[in-house]
Amino acid sequence: MAKIGFIGVGNMGGPMAANLIKAGHELKVFDLSADAVAKLVEQGAEAAETATDAARDVDVVITMLPAGKHVKSVYLGDDGVIANAREGALLIDSSTIDVDTAREVAAAAKARGLRMIDAPVSGGVPGAEAGTLTFMCGGSDEDFAAAKPYLEAMGKNIIHAGGSGNGQAAKICNNMVLGITMIAVSEAFVLAEKLGLDAQTLFDISSTSSGQCWALTSYCPVPGPVPTSPANRDYKPGFTAANMLKDLRLAQDASKSAGARTHLGAEAARLYTEMEEQGRDGLDFSAIVKLIRES
Ligand code: NAD
């Protein structure tokens with residue numbers, strides 16, 4: 001069993017760290033929130049004083065932080081994880097961040113002779129709690145193989161997407177599809193309403209026709225057809241519109257730096273920005289149907 005430093009034990013990192021403890025690993029945890037750390041200490045973790053302290057004398061460092069700027073501040077610099085980790089340590093960043101930062105931090109780790117992968121996740125808080133997350137990983141074959149056993153304690157599908165940053169690339173490409181298709185499905189239901197076509201009837205036809213997609217069949221944005229979808233509980237998340245907007249903005253930044261045409265991705269980011277401006281970004285992202293209905 002390994003000694004693991006875990007930095008960032010919020011909504012996602014907390015249950016992920018708890019699953020590593022259940023798997024028998026020894027955990028040292030750090031978060032800016034003392035309450036978040038205390039919850040894990042109750043479950044058997046040791047509290048670290050600082051991120052530097054969590055990274056020292058451990059075999060593996062895992063981070064689950066809000067955004068690229070937090071990842072840079074935790075990994076880089078004299079007090080950072082990279083400067084203070086033990087020789088040969090394995091670093092795993094599971095935060096969802098921009099591809100460029102993921103590659104910059106991995107290059108800095110490699111320059112110090114450390115192993116590192118980016119491993120963002122899909123599956124949300126329920127997946128983190130149940131240990132059924134999907135991990136999309138970027139890094140060398142050797143580093144991926146070294147990280148896999150730890151990721152298996154927290155997830156069900158562990159996929160190698162290529163070199164450094166490709167885990168992040170996979171995450172934002174997938175979520176751009178989801179953001180766009182949720183808007184497409186919402187537009188179809190609103191148009192159906194205005195044409196006098198019953199929502200359940202449209203669902204029965206589209207879910208067995210060429211309009212079939214995950215946004216329709218698992219997360220249907222109108223109440224009724226899919227009883228487990230957030231539309232049936234006043235759009236309580238689920239996956240918040242704020243998180244969807246974050247990922248769509250990352251996809252737009254990546255599109256600009258890579259020179260890719262993503263017009264629908266840009267329009268999706270614009271519509272979710274409207275939701276944010278209306279103060280509705282704490283709702284599930286399928287609540288975009290309300291904005292479309294009101295336009
Ligand atoms: P969160 O805000 O609940 O947790 C982040 C934690 O990081 C907080 O507890 C915060 O105090 C801590 N933190 C911030 N800066 C720090 C620092 N310098 N040192 C130590 N701790 C620091 O967020 P979350 O929902 O757990 O999301 C974490 C990441 O996972 C994000 O990148 C998010 O996009 C991604 N993600 C979230 C979900 C979801 O459904 N919540 C799903 C997939 C991916």
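The protein chain splits into domain 1, residues 3-163, and domain 2, residues 169-294. Those bounds come from an automatic or database domain assignment. This is a predicted model: local features need pLDDT of at least 70, side-chain atom pairs count only at pLDDT 80 or more, and totals for chains, interfaces and linings use all residues. Residues are numbered from 1 along each chain as its sequence is written, and side-chain values use heavy atoms, with hydrogens and water left out.

The C-alpha centres of domain 1 and domain 2 are 30 Å apart. Twelve residues from domain 1 and eight residues from domain 2 make the contact, meaning heavy atoms within 4.5 Å.

How much area do domain 1 and domain 2 bury between them? About 730 Å², with 66% of it on carbon and sulfur atoms. Buried area here is the accessible area (1.4 Å probe) that two parts lose on being put together, summed over both. On the domain 1 side, Thr96, Val99 and Met136 lose the most area to domain 2, together 52% of what that side buries.

Last, Ile288. Ile288 sits in helix α14, residues 288-294; helices are DSSP runs (H or I, at least four residues), numbered from the N terminus. Ile288 counts as buried because its relative accessibility is 0%, and the cut-off is under 20% relative accessible area (1.4 Å probe, protein chains only). Leaving aside neighbours within four places in sequence, Ile288 contacts Met182, Ile183, Ser186, Leu271, Tyr272 and Met275.

Technical notes: Helix = DSSP H or I, 4+ residues; strand = E, 2+ residues; numbered from the N terminus. Buried < 20%, exposed > 50% of the residue type's maximum accessible area, 1.4 Å probe, protein only.
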